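Please look through the sequence and the model first, then turn to the notes below.

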Amino acid sequence: MKAINVTPCKHEERKLTFPEIPVNRYNPNLKSELDKKLITKDFAVQILRAMLYQRAFEFTVRDLENKSLVPVEGYVFRGSTHLSYGEEAAQCGAMSALKKTDYITATHRSHGHCIAKGFFAYLEMSEGELEAVLSTASKNEFSTKAYGTTLDAVVDYHIYRMMAEVLGKEAGYCRGRGGGMHVADFSVGNLGANAIVGGGLGIATGAALAVAKKQEERVVLCAIGDGAMNNGIAHEAMNFASMAQFEHGLPIIYYVENNQYGYTGQQKGEVTGIEFLSQRGLGYNPQAMHAETICGMNALSVRESVGRARELCLRGEGPVLIEANTYRYWGHNFKDKGTLYRTEEEKEEWKNHDPVEWFKKELTECGVMTADETEAEWTRAYEKLHEMTKKAAKSKDPKVKDIMFGVYADTTSDGIGEEYRTKKLLKKPRRIPRDSEGKILARHAVLEALTEEMIRDKRVCVWGEDIAEQGGAYQATLGLLDIFGRDRVFNTAISESAIIGTGIGASMVGLRPVVELMYIDFVLQAMDQVGNQAAKARFMFGGQSTVPLTIRATVGGGKGYAGQHAQSVEAVIAHFPGIKVVMPSNAYDMKGLLKTAIRDDNPVFFIEHQMVYLEKAVVPADEDYTIPFGKARVVREGKDVTVVALSNMVSRTLEAAKMLQSEGILVEVIDPRTLVPLDVKTMAESVKKTGRAVVVLQAYYTGSFASHISHEISQASFKNMKAPVRIVSSYDITPPMAHPLEVENMPSPERIARNIREIMSE
Ligand SMILES: Cc1ncc(C[n+]2csc(CCOP(=O)(O)OP(=O)(O)O)c2C)c(N)n1
Ligand SMILES: [Mg+2]
């Protein structure tokens with residue numbers, strides 16, 4: 001029972017007050033920072049260098065697009081690039097306040113983040129660490145010998161790899177799979193740019209959750225645009241990070257680079273009702289997320305604010321929300337000239353506060369550099385960018401034969417050692433009692449799998465709606481809280497995107513989360529997390545990341561819950577390469593497959609039918625009992641017709657098979673168990689023998705996974721087939737409530753039998 005007491009209002013009048021939100025609290029210049037010894041001259045020079053590299057990068061991409069730079073003969077500019085000329089201080093200042101071990105997530109406009117995160121991380125690295133960065137470079141190109149210092153070689157290699165990614169080259173950070181909008185550099189904690197507006201919010205929050213759980217000394221900075229602040233996941237993620245149940249606030253800085261526009265939609269006066277996005281902090285916790293608005297054109301104010309936020313996070317007082325006001329001088333992308341929705345005067349006014357020019361002036365006024373020296377730095381950076389671009393353009397393309405590289409990890413946590421074992425249990429787990437035939441319910445099989453895996457590997461944590469005290473809507477997690485405590489088993493808000501998004505981020509940095517969706521219908525609120533984030537991260541980031549995340553979801557149907565609680569949308573999920581999909585049909589498989597899912601280093605979507613929950617089977621109590629993915633089970637042998645049935649349809653098909661036996665029709669029933677990977681071989685071999693195939697599932701007819709199975713069977717066994725494959729599914733209607741309609745809609749043993757009879761006569 002929770003100790004949190006909620007009482008009725010008792011009609012006591014109250015007025016709520018809110019913390020003040022500072023705007024431009026600290027506006028330093030270089031002299032004051034030097035005087036106060038808050039920065040060294042050397043470091044100030046490095047900030048300028050990083051900003052110049054950023055700006056030179058932007059200019060060089062522009063040069064490529066307008067063909068003033070043709071890096072190799074026949075070069076054609078490809079892809080979409082969003083430049084952030086004008087936003088250098090907002091990006092660089094923030095990165096300069098982070099440590100090499102800190103994580104970031106970034107946006108589509110993120111060359112600057114990537115350059116600066118690497119740049120400042122290298123400044124902190126030992127010679128050995130720098131050498132390690134160079135270990136992937138070809139020997140003669142980037143070496144201490146060729147450059148004089150390892151640091152110089154590493155910085156050039158960094159720029160080269162970034163540009164190579166923009167050009168889609170194998171040498172790129174993501175081996176050319178991601179391109180400019182998806183650059184990630186895990187070696188310095190850059191967990192990736194995201195071309196989905198708001199795409200990084202869940203991931204960053206999950207990474208912060210993992211950092212907090214592992215009690216690491218680092219923070220996460222989630223860079224987002226003003227536009228992303230209006231995306232649904234922004235609310236879900238910030239609320240998740242602010243949940244009062246966390247004893248230590250999550251170490252995350254939501255860092256909003258407010259460049260005043262989305263694409264063209266203007267934050268102030270148009271697409272929001274507020275002047276400052278920092279005001280949003282008021283909605284999340286009593287500290288208003290320590291929110292503030294700062295000048296994002298001043299690298300030093302940014303550095304100070306992010307540095308302070310970092311300290312708060314390390315003290316367990318996160319999350320923090322920072323809005324940095326900045327401006328992009330060019331259009332949103334190359335198609336947009338930036339002239340239709342803003343005035344020249346506005347642009348000029350911002351240009352008068354140019355972050356690079358201002359900082360150059362500061363350096364010269366403080367006598368750190370001469371004007372000639374700052375100019376020379378710019379020329380050097382710009383020339384360097386052109387040089388690295390030409391080199392990158394000449395480098396190798398990814399090999400076409402490697403097109404599948406990185407879709408799936410081929411590793412598991414099977415062989416992990418004792419060090420991962422949970423040493424202390426708060427309560428001894430209750431052995432799930434077997435009935436007189438040695439059987440248990442499938443939902444208890446889920447619980448047994450989770451309990452064993454959580455003991456076996458302390459990185460396995462469980463979160464979702466109502467999964468703690470209540471054990472979830474179907475009690476599949478009941479009791480885990482008592483055994484493992486709230487640190488590893490906790491309730492979340494009703495935030496499907498954040499539940500999955502945080503699972504992704506946490507899994508990228510070392511946890512092995514198992515998150516729960518109460519009903520699979522709700523995944524439609526979170527499909528970006530499934531299809532664009534979990535499934536894609538590994539491939540898109542060139543194999544840098546693994547996402548060992550299990551998403552469990554229940555399926556309804558047959559209980560009168562109707563339209564939005566009775567759908568079977570597995571096809572929607574299986575459509576995305578990069579995520580495995582599992583649909584157990586019985587208690588025995590439920591346990592063995594779930595354990596495999598948790599140990600798999602890929603995202604796995606694990607679909608538990610509520611009707612299957614109530615079925616019993618003999619289930620091994622052995623911790624090492626797992627079932628491999630991609631191995632279908634021949635549930636019943638027969639020679640006349642093959643029926644492939646998914647999930648709850650296996651038992652219905654077995655009933656149909658029993659009916660038909662007396663009519664002399666011998667049905668072979670196959671349960672694929674996993675849709676991705678799919679065991680086509682077992683199905684095809686069966687159809688070669690029987691010559692006929694029926695696929696049975698609960699989903700809608702159009703676009704169901706049965707169509708795919710049917711296609712695979714036809715491809716593999718056409719020569720031996722006596723009839724086309726039949727599909728028995730629900731109708732193309734929203735699941736109805738009325739009992740007779742619902743019964744008619746879902747494939748029944750009678751309807752399955754009827755279809756089998758019909759195919760037998762074809
Ligand atoms: C979910 C989503 N919606 C729309 C887009 C198209 N789009 C790309 S960037 C962008 C503007 C984003 O604005 P903001 O978050 O302020 O970032 P900025 O581009 O200003 O850096 C839009 C609408 C997208 N990529 N993703
Ligand atoms: Mg914007």
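How many nonpolar, polar and charged residues does the shell around ligand 1 have? By class, that shell has six nonpolar, six polar and two charged residues. The model is a predicted one. The points that follow cover the ligand, the metal ion, the cysteines and selected features of the backbone.

**Surroundings of ligand 1**

- There are 14 residues around ligand 1, and those that come nearest are His108, Arg109, Ala195, Gly227 and Tyr261.
- His108 places a polar side-chain atom 2.7 Å from an oxygen atom of ligand 1.
- Backbone atoms also take part: a backbone N or O atom of Val197 is 3.1 Å from a nitrogen atom of ligand 1, and a backbone N or O atom of Ala228 is 3.0 Å from an oxygen atom of ligand 1.
- On its own, ligand 1 has 570 Å² of accessible area, of which the protein covers 70%.

**The magnesium ion (ligand 2)**

- Three protein donors lie 2.0 to 2.1 Å from the magnesium ion, namely Asp226 through OD, Asn259 through OD1 and Tyr261 through O.
- Along the chain, these donors follow the spacing D-x32-N-x1-Y.
- Asp226 belongs to the loop between β3 (220–225) and α9 (232–241), while Asn259 belongs to the loop between β4 (252–258) and α10 (267–271), so the pair ties together parts that are 33 residues apart in sequence.
- Both Asp226 and Asn259 are buried.

**Cysteines**

- The number of disulfides in the structure is zero.
- For Cys174, the closest cysteine sulfur is that of Cys114, at 8.2 Å, which is too far for a bond.
- Cys174 is buried, and its relative accessible area is 0%.
- For Cys295, the closest cysteine sulfur is in Cys92; the separation is 14 Å, again too far for a bond.
- Cys295 is partly exposed, with 25% relative accessible area.

**Cis peptide bonds**

- The peptide bond that runs from Gly318 to Pro319 is cis, and its omega is near 0 degrees.
- Pro319 is placed in the loop between α11 (299–314) and β6 (320–325).
- Val676 and Pro677 are likewise joined by a cis peptide bond, with omega about 0 degrees.
- Pro677 is situated in the loop between β18 (674–676) and α24 (680–690).

**Positive phi values**

- Gln475, a residue other than glycine, has a positive phi, near 55 degrees.
- The loop between β8 (462–464) and α16 (480–484) holds Gln475, and this residue counts as partly exposed at 25% relative accessibility.
- Ser647, also a residue other than glycine, has a positive phi near 55 degrees.
- Ser647 lies in the loop between β16 (641–645) and α23 (649–661), and it is buried, with a relative accessible area of 2%.

**A residue in helix α15**

- Glu448 is part of helix α15, which spans residues 442–456.
- Is Glu448 buried or exposed? Its relative accessibility is 8%, so Glu448 counts as buried, the cut-off being under 20%.
- From C-alpha to C-alpha, Glu448 and Thr477 are 9.1 Å apart in space, and they are 29 residues apart in sequence.

Note on methods:
Residues numbered from 1 in each chain as written. Chains lettered and ligands numbered in written order. Predicted model: local features only at pLDDT ≥ 70, side-chain atom pairs only at ≥ 80, totals over all residues. Heavy atoms only, no water. Donors = N, O, S within 2.8 Å, 3.2 Å for Na, K, Ca; no water. Helix = DSSP H or I, 4+ residues; strand = E, 2+ residues; numbered from the N terminus. Buried < 20%, exposed > 50% of the residue type's maximum accessible area, 1.4 Å probe, protein only. Near = heavy atom within 4 Å. Polar contact = N/O pair within 3.5 Å; in protein donor to acceptor, adjacent residues only side chain to side chain. Areas by Shrake-Rupley, 256 points an atom, 1.4 Å probe, with all protein chains shown as cover. Nonpolar A, V, L, I, M, F, W, Y, C, P; charged D, E, K, R; others polar. Disulfide = S-S within 2.5 Å.
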